[in-house]
Amino acid sequence: MNRHYHTVVIGGGCLGAACAFSVQRRLGNKSGKVAIIEKKVLGAGLSSRHSAIVRSANASPMAARMAKMATQYWKNLKPLWGVNIPYEQSGAIWIAENAADSRAESWTALEHMLQQEGIDFAMLAHRDVLELSRQALKTVPDEIYYYEPDVLQLDSPQILNAMQTAAKKTRVDVLEHCDVIDFEHAGQGITALHTSQGKIFAEHVINAAGAWSADLFAGIGLNIPVALEPVYAANFLVSVHDIPEGMPIIADYVNQAYFRRWRGSILHMHQPRSRNAKDIARSFSRTAMNPEGANVIYDALSFNVTQQQLDNYLGKVINRFPKIGKPVYAGGYHSFFDITPDLKFILGADTQFTNLYHCLGAGQALKYAPIFGEIIADLITEGSVISNAIDIEEFSIDRFSNNDLSRYWQANALTQNGL
């Protein structure tokens, strides 16, 4: 059966859902329908394994500005999605090396930039760190600490439930277990999608397919540089005497680990995205050799954590929380960041197809989902971004037009994208 939609969103993760809800809300019930095409089920990909930390600190001033807007949307989501999501405003302590080189200076510059953007991000004295962590955190003289009080902690299952409820409330069609096979295009526009459930006509197409984007659009000549970087998450059972409830999220850039207390007596941890140029180049090499690699997200083996990974994480926990003893391992899983060569997201209109829009999060999808949905809805329904405070030019896919990705992996090329 052939179907006609005003807008078709490819990808049912948090970004695809946010775009669909925002566009459908703008259209109302009489100006056209929006559909989400999802190859598995809504939220089944990386959105189901997200750490669900919403913070504004970012090395790009524009990204930080949009993150601050997104944080406010998460606090009051109902006008956008028709539902609200519970959250905890736990705040975050950022830990960095007080090195005798430019790294410490870059954190000082970050603090200044974020404060100019109206984001509360300030250096802490060691005694204040101990007070905020209730003496649980180890501090050392060669480290510097910052505090971001407006950081939110969400819960992935509640987000997935909200996505499903919002799809019904906004009357967005969700086509699950639906694979996109090919595209029809005429001139500079995509006219239809061939899927495992038949042909679908679309006036506008949103690419929110994340790690599948490169393989999905290669057939129509689009180069979308997105790859997968593995990340391991682990949960440890801890005593309330070891890790107090209400402790801020710990963004530990010395040990390369995020820690948070959640769901009662669980200490959850995962590593941040790698900023090492060789690691990122290696991720893109794997993708080039195996374009179907994104399907490992649904491989049951990808949920396993090896003993070596577990021992590595256990060492990080004990090093940062000296009173904890030896925590009890309570399960873990293998997840991924979908990354771009410069670690910035791809956002905005395509430069070859006039009715195609990209919304790819580069490992930061969830925190930006509400604002990205509004931006894409602006572009589709208004022709440009409405807010004068937002300029998405630096995130355009056009920056990759010459296909020379190696320049991003040269020495110090990613330093400015440190968060």
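The backbone oxygen of Ala362 lies 2.9 Å from a polar atom of the side chain of Arg273, a polar contact (a pair of N or O atoms within 3.5 Å; within protein, one must be able to donate a hydrogen and the other to accept it, and residues adjacent in sequence count only if both atoms are side-chain atoms). The model is predicted: local features need pLDDT of at least 70 and side-chain atom pairs count only at pLDDT 80 or more, while totals for chains, interfaces and linings use all residues. Residues are numbered from 1 along each chain as its sequence is written, and side-chain values use heavy atoms, without hydrogens and water.

**Arg273**
- Arg273 lies in the loop between strand 15 (266-270) and helix 8 (277-289); helices (H or I, at least four residues) and strands (E, at least two) are DSSP runs numbered from the N terminus.
- The backbone oxygen of Leu343 also lies 2.9 Å from a polar atom of the Arg273 side chain.
- Arg273 is buried yet has no salt bridge (a side-chain nitrogen of Lys or Arg within 4 Å of a carboxyl oxygen of Asp or Glu).
- The nearest side chain of opposite charge to Arg273, Glu229, is 6.8 Å away (Lys and Arg count as positive and Asp and Glu as negative; His and the chain ends are not counted).

**Glu229**
- Glu229 is found in strand 12 (residues 227-237).
- Glu229 counts as buried because its relative accessibility is 5%; buried means under 20% relative accessible area, exposed over 50%, and partly exposed in between (1.4 Å probe, protein chains only).
- Leaving aside neighbours within four places in sequence, Glu229 is in contact with residues including Pro272, Arg273 and Phe336 (heavy atoms within 4.5 Å).
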